[in-house]
Amino acid sequence: MTRRSLLLLSAAAVLTLAACGQGAGQKAGAEGTPLLVGATAVPHAEILEQVKPILAAEGVPIEIKVFNDYVQPNVQLAEKRLDVNYFQTKPYLDEFNAARGTTLITVAGIHVEPLGLYSRKHKTLAELPNGAQVVLPNDASNTGRALLLLQAASLITLKDPQNPLQTVRDIATNPKGLKFQEVEAATIPRILPQVDGAVINTNYALDAGLKPKTDALQLEGADSPYVNYLVARTDNQDDPRIQALANALRGQAIKDFIATKYEGAVIPAA
């Protein structure tokens with residue numbers, strides 16, 4: 001055998017060993033790769049941190065990627081840069097899928113961040129006078145949600161009692177003759193003392209020092225259509241790791257954590 005042949009054989013052997021080593025490394029890495037979960041910071045990432053040790057005991061490591069917007073968690077999930085995400089309601093997901101042509105799906109409903117009707121002037125719903133001025137958030141999703149809340153309080157009825165995307169034009173009856181003003185959600189707490197009542201998102205209510213469980217005249221319950229969901233793709237929804245995460249998020253330990261940590265500002269889903 002010539003020296004050139006020996007060199008060629010040696011080079012081939014090195015390449016073969018490298019390829020074998022690379023394949024083994026990739027396999028080991030895949031087995032130890034954490035489940036990548038996209039979430040917003042509060043309360044989603046906080047809740048996921050509580051799930052970590054539960055899943056670790058089952059041999060399912062998770063890695064939490066925190067986002068400060070509602071678009072990228074879905075974009076990255078659709079592009080397979082995430083395995084699953086946890087931050088959104090089904091109405092938002094439906095709207096996103098329709099607008100982006102994606103087919104992301106809900107896996108399990110985890111919690112509700114209840115919308116509330118608040119007042120600085122009145123202590124009960126019965127005290128709201130005829131012609132009371134009530135402020136609603138002015139974005140489409142939250143306007144419909146606020147109207148459903150007022151319907152649940154028996155203050156109004158809607159043409160379609162279940163539709164979460166209604167406007168004040170869809171009010172069928174208004175016995176007290178409530179007068180509605182639509183305002184940017186973030187500014188509503190500041191004008192609360194000036195009006196009879198206002199529907200406020202939980203995060204803004206907490207920022208204003210309100211306690212949803214004790215201060216709201218009417219508060220969404222765990223049966224709200226605005227449950228926050230764990231969301232996956234159609235190609236991985238049955239992944240045992242995702243199912244394990246869903247089960248842990250809906251388990252009693254996490255329900256107890258939510259109840260203790262958030263004092264009614266976040267409610268485990270029914």
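Start with the open sheet of 5 strands, in the order β9-β6-β10-β5-β11 and with mixed pairing. Strands here are DSSP runs of E of at least two residues, helices are runs of H or I of at least four residues, and both are numbered from the N terminus. Two strands pair if DSSP finds at least two bridges between them. The model is predicted: local features need pLDDT of at least 70, side-chain atom pairs count only at pLDDT 80 or more, and totals for chains, interfaces and linings use all residues. Residues are numbered from 1 along each chain as its sequence is written, and side-chain values use heavy atoms, leaving out hydrogens and water.

Select β9 (179–183) and β11 (218–219) next: these are the edge strands, each pairing on one side only.

Now show helix α5 (residues 140–152). Helix α5 lies across β5 (116–118), β6, β9, β10 (197–200) and β11, at about 135 degrees to β6. Such angles run from 0 to 180 degrees between N-to-C directions, with axes fitted to C-alpha atoms, for helices over the stretch in contact.

Move on to the largest nonpolar core, which has 29 residues; Ile-47, Leu-48, Leu-55, Val-84, Leu-230, Leu-245 and Leu-249 have the most contacts inside it. A nonpolar core is a set of buried Ala, Val, Leu, Ile, Met, Phe, Trp, Tyr and Cys residues joined through side-chain atoms within 4.5 Å. Buried means under 20% relative accessible area, exposed over 50%, and partly exposed in between, with a 1.4 Å probe and protein chains only. Elements giving two or more residues to this core include β1 (35–40), α2 (41–56), β3 (84–89) and α9 (240–249). The largest share, 6 residues, comes from α9.

Pick Val-84. Beyond its neighbours within four places in sequence, Val-84 is in contact (heavy atoms within 4.5 Å) with residues including Leu-35, Val-37, Leu-77, Leu-230 and Leu-245. Another core, of 20 residues, lies apart from the largest one; among its members are Ala-132, Leu-136, Ala-153 and Ile-171.

Go to Thr-89, in strand β3. Thr-89 counts as buried because its relative accessibility is 14%. Leaving aside neighbours within four places in sequence, Thr-89 is in contact with Tyr-226, Val-227, Asn-228 and Tyr-229.

Finally, show the whole protein chain, with its 10 helices and 13 strands. Of its 270 residues, 44% count as buried.
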